[in-house]
Amino acid sequence: MRSPRLRRVALPVAAVALLYALALAVARSAPVERRLRERIHAALAARVPGVRLDGAASVDPLFRVRIGPVEVPAAGGGPPLVRAERVVLRPSLPALLLGRLVPVAALREVVVAIPVHGARLEAGPLDLDLRVDGAPGRERVDAWAALPGGGRATLAAAREPDRWRATLEASGIGPAALPAGVRSRAAAIAGGTLSARIDGDAAPDLSRATARARVELEDAVLSGTVIGPEPVGPLGAAASF
């Protein structure tokens, strides 16, 4: 009795395994991976002019597409404004079950350069997960970031009928997450955490925007030559603007 039952189970399992192996072999073939890289680069370039995609695209056993490094160059040349060492792309399963293709990207070892009065402040490396829903009229972007030192940040931006609305929240931001350019020997935050929330609204074409922010500093410790021979703190402060 066991042999017929075993065959009834084994045959479908073998068929599924064979189909999986064939699909993976096709997805990982050189022409398919080359075409994937071309389409990904074209899609990125349409949204971010000048974006650079180094290296080849590859498909892993879970059918996720791996690319990188990816760089967003500065307007006048020079070092990139954003660099992600590795990017993993996959479809959102809940959206896929509803018949919609919504890409989810995992960006690893991301470094962001912030131009400030001619100087260049670099933040990172950080890990970022990004979900982009491009449905016409209801576009939405969600992002989650893991910051150095254990901090977390989230961004939710969505198009409404008459505006874009976005919320950025960050918590547990410690000294390790601050750009190196603001950590000087003269004065620096040596301890404590920073939390912030920024709510913003923008016109549909992003031509104008308003924002409201609240920032809280907890158990901050200041040190440096300007501060004195001994650190000062812990300190706490909050501000809204």
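Three residues, Ile67, Val87 and Leu107, touch the most other members of the largest nonpolar core, which has 23 residues. β3 (65-67), β5, β6 (103-116), β7 (119-133), β8 (140-146) and β10 (163-173) each supply at least two of its residues. The largest share, 3 residues, comes from β6. The model is predicted.

Look at Leu107. Set aside its neighbours within four places in sequence. Leu107 is then in contact with Ala84, Arg86 and Val87, and also with Leu126, Asp127, Leu128 and Leu130.

Now step back to the whole chain. The chain has 3 helices and 13 strands. Of its 241 residues, 26% count as buried. Its accessible surface comes to about 15,400 Å², and carbon and sulfur atoms hold 64% of that. Take the contacts between residues at least 6 apart in sequence. Of these, 34% join residues at least 24 apart.

Strand β9 covers residues 152-160 and pairs with β8 in the antiparallel sense, over 7 bridges. Val141 stands opposite Ala157 in β9. The two strands form a hairpin with 5 residues between them. Gly149 sits in the turn, with a positive phi of about 90°.

Next come the charges. The structure holds 19 salt bridges. One of them joins Glu71 and Arg83, with the closest N and O atoms 2.3 Å apart. This pair links distant parts of the chain: Glu71 belongs to strand β4 (residues 70-72) and Arg83 to strand β5 (residues 82-91), 12 residues apart. The cover on the two partners can be read from their accessibility. Glu71 counts as buried because its relative accessibility is 11%, under the 20% cut-off. Arg83, at 26%, counts as partly exposed.

Asp60 and Arg66 also meet through their side chains, in a salt bridge of 3.4 Å, N to O. Asp60 has a relative accessibility of 8%, so Asp60 counts as buried. Arg66 has a relative accessible area of 33% and is therefore partly exposed.

A further salt bridge stays within one helix. Arg35 and Glu38 both lie in helix α2 (residues 30-47), 3 residues apart, about one turn of the helix. Their closest N and O atoms are 3.5 Å apart. Arg35 is partly exposed, at 49% relative accessibility. Glu38 is partly exposed too, at 42%.

Salt bridges also link residues into a network. Its residues are Glu160, Asp162, Arg163, Arg165, Asp201 and Arg212. Glu160 falls within the range of strand β9, residues 152-160. Arg163 and Arg165 fall within the range of β10, 163-173.

Finally, turn to the surface. Leu18, Leu19 and Leu22 make a nonpolar surface patch of about 320 Å². Leu18 is found in helix α1, residues 2-27. Its relative accessibility is 53%, so Leu18 counts as exposed; the cut-off for exposed is over 50%.

How values were computed:
Residues are numbered from 1 along each chain as its sequence is written. This is a predicted model: local features need pLDDT of at least 70, side-chain atom pairs count only at pLDDT 80 or more; totals for chains, interfaces and linings use all residues. Side-chain values use heavy atoms; hydrogens and water are left out. A salt bridge is a side-chain nitrogen of Lys or Arg within 4 Å of a carboxyl oxygen of Asp or Glu. Helices (H or I, at least four residues) and strands (E, at least two) are DSSP runs, numbered from the N terminus. Buried means under 20% relative accessible area, exposed over 50%, partly exposed in between (1.4 Å probe, protein chains only). A nonpolar core is a set of buried Ala, Val, Leu, Ile, Met, Phe, Trp, Tyr and Cys residues joined through side-chain atoms within 4.5 Å. Contact means heavy atoms within 4.5 Å. Patches are made of residues with over 30% relative accessible area and no salt bridge: like charges are joined within 9 Å, nonpolar side chains (Val, Leu, Ile, Met, Phe, Trp, Tyr) within 5 Å. Accessible areas come from the Shrake-Rupley method with a 1.4 Å probe; for residues, only the protein chains shown count as cover. Two strands pair if DSSP finds at least two bridges between them.
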